[in-house]
Amino acid sequence: MSTDTATPEAASTADRPPSPAPARAPKRRSWLGLWFVLPFVAVYAVFMIWPMLLGLYYSFTDKSLTGRPVEWIGLENWIEAFGDPAAMDSLWNTAWFTILSTPPLVVLGLAFALLAHRARRLGWFLRLSFFAPFVIPVSVVTMVWLWMYQPAGGLFNHYLGEWGLGGDHLWAFQQDAMGSVVVTTVWWTLGFNFLLYLAALQTIPAEVYEAADIDGANSLQKLWSITLPLLKRTTALVIVLQLIASLRIFDQYYLMAGGASNLATENVFIQYIYNSGFVGFRIGYASALSYILFACIIVIALIQFRLLSRRED
Amino acid sequence: MRNPPSPPGALSRRALLTGTAAAAGLGLAGCGSITGGIGGGTTVKQWNLLAGSDGAIMTTMHEQFMEETGVDLKATTFAWGTPFYTKLVMGASGGNAADVATIHLSRLQSLSPSTLLDAIEIDELVDAGLDPEDFTPDIWDRCFSDDRLYAVPLDTHALVNYYNRTICEQAGVLNPDGTLLETHGVEEYFDLLRAVKDVTGEYGTSLDTNAGWRQFWAWYRQQDGEWIFHEDGFELDDDKALNAIDTMWRMADEGLCPRISDGGATAANFENGAGGLVQVGNWEITRFRAFNEAQGLDFSMTEMPDFFGNRRTQGDCHAFVLPRHNSWNADVRKATVDYVAFMLQNSFQWGAGAGHTPAYLPVTDSPEYQDLEPNAEYSGVVDNVQFDPDVWFAGSAARLPDEVGRVFAGVYSGANDPETALAAIKDVAQTMVELPNPID
Amino acid sequence: MTAVQTRPEASERAPRAVKRRSRIRVTPGSALVYFAAFVLALLWLVPLLWALSTSFKPETEASLGQPIHWLPQEWSLEGYRTLFERGDHVTWMINSTVVSTIVTVLTLALCVLAAYGFSRLDFPGKKIVYGVVLAGIMVPSQALIIPLFDVVSALRMVDTYWGLALPQVVAPVMIFILKRFFDAIPRDYEEAARIDGAGHLRVLWSVILPLSGPILAAVGIFTFIGAWNNFLWPLLVANDPSIMTLPVGLGVVAGGYGLLYAQNMASAVLGALPLLIVFLIFQKQIVKGVAGVGLK
């Protein structure tokens, strides 16, 4: 899935299977274990470690998709990358997408979870409706939404016109495609945050509310002073996961806003990498760009790890 | 792809947003074979970018080929321009992709033939019934790289001038035999447009304002302008370039052409009579013919008007290439070359149906083709066609025409005056010159 | 990449809470909540319902500029029929199934073996190897596409099933999850088998795996969904339409069918269907998987 994130949350100790029994069996050091690990490590080495090293090497060369001989060019790609306005624009577009999409994804995810937590008897239906979009392939999502966004006669503009809301164009879809992509993304991926919040809500024992009930607190007060504080950690997790997912935006944007573009400025960063390498042939330069993305994501992933390890304490 | 140089089947940005995004449909075979090549007989995978109305003609020819030879031809049409070339290059770099592909000959060098294409032996062609003598030397020579043959030309296509006979007759710009008056120089042609505009009430000519590159190159080359690129710069004749850009500016300023018009609108304006003439590629003939049959449109075509002393026009050739293969199956290789030969030998249909001028001389020299209308009326384009500059970022759908074309769209719309536009295209060109060359 | 974790305790707790709540009587406040939740859920389904409805319209009724009807005026299977006549949709569906199955089977096999090795066996360099594998969790696959394509191209795997599948098998997070689960399985269970002289493979097969049903299901389902929905990698490595997976085929080729909306929506519906079915069948595991780890 394109919004994927792949960092394990160190689940709380309570999540573990029954009674951990650490290293009681006699362990002998032998090479046998290597054979168990080897098949994975082999694939891992070929498709993860080798490309990482190769990419780093290429970023100092003029490697081209055409396959001509490679020449070492030192820091030229890196210098160019930091001075390339189109690269910086696309990095900004990725950031802008992140800024626009994260708040609704977090806030709505929480709101929907609160609703679903209260409306338990609709549980199955709510989970289906909110989470099902998440398992649908991205190109299906964009096909359906582009059909609804049709400027003339699409579902949105039809009802906007009918209800007298600006005739034929919603402001968000006027300037560029970003608004449309954000709305589609919220619909598509909200279910994930929704489930995270829902699960967190379900772990809050009912007892904590009982004292408040005795004090005669109303629902709003309980929400504000009990529920939300207890969800702080989940919220931190949701935000970090969301940031990482958003920085990797490519699929929806590519499909909705510019798959055919010829190194246009209106790109997101991964698309710019794609264009530099596969459209413009410049594997070396695209490798340098990749490492910039890599660095951004690593920083956020490290924050996530810190958050999670604190949580495990 | 905001403003692509208006290819056949080009999509406006809006069209993109409305979901007609990427490539056009899969080919014909329709036999639902799963991983290619399963099932008896030889399968040839062909990739093309002919998403326009010429694609339909090609499909018909493919069906004939399969019927005659029993070879299973699987054709895939990708979206015109960058998406096609990206897939072609990535597939060729992988070595397991298409057996044969159609490209623009102007893009041959930018595809790094020595590493991404497989060379074609003259002997193979001769065995398949072709002969190097069957092509005009200037096109044939363009198919070589480092003395090896990498492409076989299928046609020449170019910007031509369509005219609506009904409107032009009312405007009094037709000869007694019903052909368009020949004009000389910008002023004479503008007078003609003014007369037509008086009749239509809207435009004289409907042209594609996103395809400014094509018009610029035609008019710049009519003045013998050269655009030569070096390692660290280029030579452009400012005065001649300014003349060409000024022509765009004045034409739009006076309302002789639309200010903003993409490929679809351009054709539609001609069909519904908003413009009495239209300067687009010869490939639109299929569309206009279909419109004629449906609703009536009496039109013909002639060469690019003489703006600066001759009738040179911008154009290109479609050509077949063999993307690099990790390994060739001898049967597939033979069927592939046979396919190329079949398409050339039957390119009469390609000319008659899609309006392209076949590159295969036995076809164009045939009396049958010589009598073909309206092709005969613009047969001169083959001698007048001007290829894009010879540099790795030029050629059909490449970055130079794409980005320069965007500047010219601003000239038509009135946003860029000619001097600004000239400075802008020089900036664009300088930026590209400074890019490291990824080809050689 | 996906990550899952079963969460035995949480699921035990949930039913209790449900019971508690269900005793609460319907108040105006909760009626409002139910109403709001229901309306929102319905609203959320609109895109899918609209696609479904459009797919059953004849092309003329589906086209733009026609008045909007929520149900087809005239029911038609035209869109679906043309789709099947073209045949490519079926090809992509088969390709997706093949690739996702290869990825899932290989991921399970390799990760189970490796996780067992890391959990139960000691070998020289184990800490370092495990550390290197874990570090891979942080590597965003998108940042690797450029050199990865080069590697796969050098292996001559572009436009092959293996080229599509193998890079997706690299899922270090699955090893982390499985190892943690294996670590927590008491050794006593294995002891008996060990005493009987069973080798490690036998222990893994007949002791560990039977105890790991839910976690394997979760890992398997998430891997399958992830592989099925992967877009960027197949977009790069499947250039030939006959090898494309469903998301790429729909995105790259089918988009060009142009203005045939009924047909477009039919392919969207068919594209969404397989995983919606998977979701409906495995809803419980999926929801638990997301909830348990907080990750996909």
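Q: What makes two strands a pair, and which strand is joined to S8(B) in this predicted model?
A: Two strands pair if DSSP finds at least two bridges between them, strands being DSSP runs of E with at least two residues and helices runs of H or I with at least four, numbered from the N terminus. Four bridges join S8(B) to S11(B), and the two run parallel, so by the criterion of at least two bridges they pair. Within this pairing, Leu207(B) stands opposite Gln279(B) in S11(B). The model is predicted, with local features needing pLDDT of at least 70 and side-chain atom pairs pLDDT 80 or more, while totals for chains, interfaces and linings use all residues. Residues are numbered from 1 along each chain as its sequence is written, and chains are lettered from A and ligands numbered from 1 in the order in which they are written.

Q: Why is S8(B) called largely enclosed?
A: A residue is buried if 20 or more other C-beta atoms, placed from the backbone, lie within 10 Å of its own, exposed if 12 or fewer, and partly exposed in between. Five of the five residues of S8(B) are buried, so the strand is largely enclosed by the rest of the structure.

Q: Which residues of helix H11 of chain B are buried, and what covers them?
A: In H11 (residues 263-271), Gly263(B), Thr266(B), Ala267(B), Asn269(B), Phe270(B) and Glu271(B) are buried. Their cover includes strands S7 (151-164), S8 (203-207) and S11 (275-281) and helix H12 (285-295) of chain B. Just after H11(B), Gly273(B) takes a positive phi of about 85 degrees.

Key: Two residues are in contact if their C-beta atoms, placed from the backbone, lie within 7 Å.
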